[in-house]
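Biologist: I am new to this structure. Could you show it to me and take some questions?

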Amino acid sequence: MRNMETILDSVVVLNELRENINEFLNASYEAFVESGYEKITAESQKKKINSPFLSIVIRTQGRREESLREVFLCLEGQENQDFEVLLCGHKLNEEEQELVHRIVEQQGESLRKKIRYFAVDHGNRTTPLNIGFAQAWGEYIITLDDDDIVLDHWVSNFYHAAQKHYGKVLYNYTFAQEWSVIEEGEYSGGLRAESGFDTEFAKDYNTVTQVELNRCPPVGLAYPASVFQKMGIIFDESLTTTEDWDYLMRAAYVCGVYSIPMPACIYRKWMNADTSFTIHKKEEWKKNYDTIVRRITSKMLCLPVGDAKNIYNLLRDGKWFLRQTHIESVLEAERIYFKSGKFYSEEDTLHGARSISQSGEFEIVYMPGRQYCRVTKMRWDPVEKGILLLTALQVKINYYDESALVLEQADVKHNGIDLAEYILFMQDDPQVEWNCREGKDIRKITIQGKLRVDIPLELCEILLKKKRTVKAEDIIKKIKKNISG
């Protein structure tokens, strides 16, 4: 019988892959050492007094009291209590630090003993993750934001999956849900669910679609501790957004991913609270996005069995990608701008709470508050890049005095092309603009309509005729100009 090991050593593709992975891991470990996290990890392991299954890293700025309390409540109720909590307070002032410590002290004794607190006074939003991963004593590590919700079987799901798929990144199906902070009245400061559960993230990890955009919220991702502590794959602190996507793609490259098809956590989409989407500028998001795409495309991809079929479906069926990625992702970068002076400002923008059907019918709700009562115009940027078709567009502005302004598609301005009943955007940065009533307190803005990202044949024919007409008119104008001298 032939020596299969010798044969495998001579397989060119395996050798190329081995070289690619070695190069990647060597560069990762070099960064691990230079960053100082190798030293922090080694020192933490020397102090290790227990070995829980799961290390839960929570970063907080001490500004979300109610949601942080809810996070601890969720952890109190876990079926499987084999975990520790690494609470990383990032750049907290004295008042914020007192609040966080007070919340911790108010927890039950069993949970309180699981919590280790770390003050992180430097770096960006990514730094607390590296500190937490370096200090972790668990077999697996997960990040839990201080505004997420986890169900009672969250830890159990990861534990059972790890028994059969140890060493892989584990992705637990995640629900998405719209929430808001109550701003007025008796329950001001409280949190309120504004929608039912959405299954946008309740899908298997898909290598083919994942290389285009992250579709796995951090609350659903548990990493083997060895990824950080032995391989040296750290979070990139040069990234100010999308650091979770970058880390997942680098970890998945060497470990693979197993999906757990039982939802156990809720990713909250905030309608009226600051998030990374509202804090960071569009240019910043694009720069980080381009960096991650370059990294993904610089490595050989190892596709699990079955993913070749996904590529086949993608090439054969133009709508396959939309069905896999959930059409809601089309409006992932949408935002509304408020103009109170001469120019629009990146600081005066909001992302909305989106509801989109598979047929493309959408509704986006914004809760801007009274600070925008002086705006003279508003601008809606639905996506960053064309191609996009909008129809049946309607903008409704509700004011606190119970009056409303309703604008139909014909009432708004845009930088697209009017095409039959559609507005066609073929260029980057599509924009829709309208005037509003100055001096009135805005309570809610609702934008609704229907979208599609493919151009039907009949519209293509109309577009070609329109382009030909425009071209002919331009030629005639030039001829007349030449004749007249």
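The questions below turn to aromatic rings, charges over rings and a surface patch.

Biologist: How many aromatic pairs are there?
Modeller: This is a predicted model. Rings pair if their centres lie within 6.5 Å. By this rule the count is 20 aromatic pairs.

Biologist: Are the rings of tyrosine 140 and tyrosine 166 stacked or edge-to-face?
Modeller: Their centres are 5.7 Å apart, with the planes at 85°. Planes over 60 degrees apart count as edge-to-face. So the pair is edge-to-face.

Biologist: Is tyrosine 140 buried or exposed?
Modeller: Tyrosine 140 belongs to strand 4, and its partner tyrosine 166 to a loop 26 residues away. Tyrosine 166 is exposed at 53%. Buried means under 20% relative accessible area. Tyrosine 140 has 0%, so it counts as buried.

Biologist: Are phenylalanine 235 and tyrosine 247 stacked or edge-to-face?
Modeller: The ring centres of phenylalanine 235 and tyrosine 247 are 3.9 Å apart. Planes under 30 degrees apart count as stacked. Here the planes are at 15°, so the pair is stacked.

Biologist: Which ring does arginine 116 lie over?
Modeller: A charge over a ring needs CZ of Arg within 6 Å of the ring centre. Arginine 116 is at 3.6 Å from the centre, over the face of tryptophan 137.

Biologist: Is isoleucine 311 buried, exposed or partly exposed?
Modeller: Isoleucine 311 sits in helix 14. With Leu301, Leu303 and Leu315, Ile311 forms a nonpolar surface patch. Its relative accessibility is 34%, so isoleucine 311 counts as partly exposed.

Key. Residues numbered from 1 in each chain as written. Predicted model: local features only at pLDDT ≥ 70, side-chain atom pairs only at ≥ 80, totals over all residues. Heavy atoms only, no water. Patch = residues over 30% accessible without salt bridge, like charges linked within 9 Å, V, L, I, M, F, W, Y side chains within 5 Å. Areas by Shrake-Rupley, 256 points an atom, 1.4 Å probe, with all protein chains shown as cover. Salt bridge = Lys/Arg side-chain N within 4 Å of Asp/Glu carboxyl O. Helix = DSSP H or I, 4+ residues; strand = E, 2+ residues; numbered from the N terminus. Buried < 20%, exposed > 50% of the residue type's maximum accessible area, 1.4 Å probe, protein only. Phe/Tyr/Trp six-rings, centres within 6.5 Å; stacked < 30°, edge-to-face > 60°. Lys NZ or Arg CZ within 6 Å of the ring centre and 35° of its normal.
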